[in-house]
Amino acid sequence: MKTREELQREWSLKGAKYAKDINEMVAFGNEHGWDNWEGEEAVDTRGKIGEAVIKLLREANANGTVAAFREEFAPAHSPLAEMLDDKGGYIGDICSISDDVVAFMQGTSYEDRQAYLAKGTELTSLDKEIRSIGQSMRNNVYAIAYTDKIVTRQGWEGEIIAEFALDVLKDTGITRLIPFNDGQKILFISSEGIYLLSKEQEKLLHPLNEDNDEDFDTSIDMENATLSYDNKSIVVGDQGRDHAVLNSEGEKIGVIGAQSSYPHYCLFSSDDKQLLSNTCHFYNGASIGVETAKLNGINIPAWEEHEDAITLDEGMRVYAGVALEDYYILGDAYGYIRAIRTEGGELWQHYLGSTISGMTLSEDNKTLYVGTHAGILHKLTLNKKVRDTHTIGNADIYEDFRLLVWKNEEKALVW
């Protein structure tokens, strides 16, 4: 059995070399093209000591010595990969409450779920009856879903704005909730269809039985939707249908065809001047940008260049994102977050590991929380020098901490 000193030395030396090799390879590929890379593939050989390091992390959490542990053992993903089948899981639906406080869900819409509140590194379990949470694009309105109703509030623990009794949607697994900025309507996204909820009705937006098919079924895969920041536009899509653009009442006003195989994600720029439409093929994908002013009556054919669309990115299958002044931060299937300009092209990339499953940004745009399918919540400070030599990526991002919210653990582990 290796001593702590031996583990620390191996972890540090091999981790720094692995990050250096990856960063050099990516930099070469970006500058000269991946076809011209003739070097060896970078390999992280720390897998055999991953469990031993996690054991030391548990001890550090129990003893209150996490800060010292973090200096000795910089966080990493690949050495823990074999543990994630049993330990990992979805962390998403992340809602920003303040710079140092977020709420989130553990577990997907079809799993047993648990809502949490994270105040710094302190994690608190919320009401077990909560089935989903969501945050408005503006105004800090929150939606909290239970089995038979959804409640909107002004502020996380603020005054109740409205309650929505669920009828058809009772017991339906919720992929995502987006309350409107005034809390009077909710965009309800599920694998059983995408709905616009008001106090009066549960209005099905997508898919619609436009061909009067007797065997019509609202079940969909890779369901995705978004609201513009001003709530004037809705975009909906799924694996089998192009992104449809709707007005605030849910009436269809345009169509954006898939530029890769399947519509997978959509997001408006923070000034509402552009819509990002992402489509995927296996773990890769493509994103285009369309001016919001042109959405009324838009009809972009699938797989065709169009004068009203620009290419933003040609590699990512996007799972989560946030919008800043003139760029997006998008999370992909490979575990990267990337900054993509609204005019197209990558600003930077940063590797976290495992498919990105959730993301939220603080109100001052300085703090980014990212959840992954590894069961990890990362708190990142943007535009701050990196913390250690184990960082993979070329962004100025400082990781304040990560929370391992793993299955079969007595409590979350701080790293």
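Predicted model: local features only at pLDDT ≥ 70, side-chain atom pairs only at ≥ 80, totals over all residues.
Tyr 327, Ile 329 and Gly 331 face one way. Tyr 328, Leu 330 and Asp 332 face the other way. In a regular strand, side chains alternate between the two faces of the sheet. Neither set is exposed here: all of these residues are buried. Strand 23 spans residues 327–332, and six of its six residues are buried, so by the under 20% relative accessible area criterion the strand is mostly covered.

Strand 23 has a pairing partner in strand 22, residues 318–323. The two run antiparallel and are joined by five bridges. One of the bridge pairs links Ala 323 to Tyr 328 of strand 23. A hairpin of three residues connects strand 22 to strand 23.

Strand 23 also pairs with strand 24, residues 336–341. This pairing is antiparallel and covers five bridges. Here Leu 330 has Arg 338 of strand 24 as its bridge partner. The hairpin between strand 23 and strand 24 has three residues between the strands. Within that hairpin, Gly 335 adopts a positive phi near 95 degrees.

Helix 1 covers residues 4–32 and helix 2 covers residues 50–63. Their axes come within 11 Å and cross at roughly 115 degrees. The crossing is left-handed. From helix 1, the contact involves Arg 4, Leu 7 and Trp 11. From helix 2, Gly 50, Ala 52, Val 53 and Leu 56 take part. The contact residues of helix 1 and helix 2 comprise five nonpolar, one polar and one charged.

Definitions and conventions. Residues numbered from 1 in each chain as written. Heavy atoms only, no water. Buried < 20%, exposed > 50% of the residue type's maximum accessible area, 1.4 Å probe, protein only. Helix = DSSP H or I, 4+ residues; strand = E, 2+ residues; numbered from the N terminus. Pairing = 2+ DSSP bridges. Axes fitted to C-alpha atoms, helices over the stretch in contact; angles between N-to-C directions. Left-handed = near helix turned anticlockwise from the far one by under 90°. Contact = heavy atoms within 4.5 Å. Nonpolar A, V, L, I, M, F, W, Y, C, P; charged D, E, K, R; others polar.
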